[in-house]
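I opened my notebook next to the viewer and jotted down what I looked up, one entry at a time. Come along if you like.

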Amino acid sequence: PSERVLCSARASVLLYDDAQKLWVPAGGPPQSPSCVQLFHHPGTHGFRLVGRRLHPEQQVGDAWGAPTGKGVPVGM
């Protein structure tokens with residue numbers, strides 16, 4: 001069986017920069033909305049999180065999301 005999308009969301013994706021001790025836009029500035037999808041592969045019981053920055057023509061409507069950092073368990 002192949003992967004399937006469990007959920008998809010528009011989000012502002014941030015990464016924590018340990019050196020600067022602050023959250024910075026993923027992929028560098030300027031910050032723009034991304035499409036984030038959670039995939040599941042039933043055969044391997046594996047999960048994959050994929051984020052793609054949206055092009056300006058795709059940025060319609062409200063973007064929402066919450067930053068999560070490295071080591072933060074899912075569901076927090």
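With which side chain does the side chain of serine 32 make a polar contact? I found the side chain of arginine 53 at the other end, at 3.4 Å. A polar contact here is a pair of N or O atoms within 3.5 Å; within protein, one must be able to donate a hydrogen and the other to accept it, and residues adjacent in sequence count only if both atoms are side-chain atoms.

**Ground rules.** I am reading a predicted model, where local features need pLDDT of at least 70, side-chain atom pairs count only at pLDDT 80 or more, and totals for chains, interfaces and linings use all residues. Residues are numbered from 1 along each chain as its sequence is written, and side-chain values use heavy atoms, with hydrogens and water left out.

**Serine 32, continued.** I placed serine 32 in the loop between β3 (22-25) and β4 (34-41). Is serine 32 buried or exposed? Serine 32 counts as buried because its relative accessibility is 16%. My cut-offs: buried is under 20% relative accessible area, exposed is over 50%, and partly exposed is in between (1.4 Å probe, protein chains only).

**Overall layout.** I counted zero helices and five strands, in the pattern β-β-β-β-β along the sequence. Helices (H or I, at least four residues) and strands (E, at least two) are DSSP runs, numbered from the N terminus.

**The sheet.** I traced an open sheet of three strands in the order β1-β4-β5, with antiparallel pairing. At its edges I noted β1 (4-11) and β5 (46-53), each pairing on one side only. Neighbouring strands of this sheet are turned by 15° against each other on average, direction ignored; the axes are lines fitted to C-alpha atoms, for helices over the stretch in contact, and angles run from 0 to 180 degrees between N-to-C directions. Two strands pair if DSSP finds at least two bridges between them, and I found seven bridges for the antiparallel pair β1 and β4. Among the partners, valine 5 is bridged to phenylalanine 39 in β4.

**Cysteines.** How many disulfides does a search of the whole structure find? The search gave me zero, taking a disulfide as a pair of cysteine sulfur atoms within 2.5 Å. Cysteine 7 counts as partly exposed because its relative accessibility is 43%. Cysteine 35 is also partly exposed, at 22%.

**Backbone check.** Most residues other than glycine have a negative phi. Lysine 21 lies in the loop between β2 (14-17) and β3 and is exposed, with a relative accessible area of 59%. Histidine 45 has a positive phi of about 60° too, and is not a glycine. I found histidine 45 in the loop between β4 and β5, exposed at 63%.

**Glycine 43.** The loop between β4 and β5 also holds glycine 43, which is partly exposed at 47%. I checked its C-alpha against that of glutamate 3, 40 residues apart along the chain, and read a separation of 8.6 Å.

**Totals.** Of the 76 residues, I logged 16% as buried. The protein exposes about 5900 Å², with carbon and sulfur atoms supplying 59% of it; these areas come from the Shrake-Rupley method with a 1.4 Å probe, and for residues only the protein chains shown count as cover.
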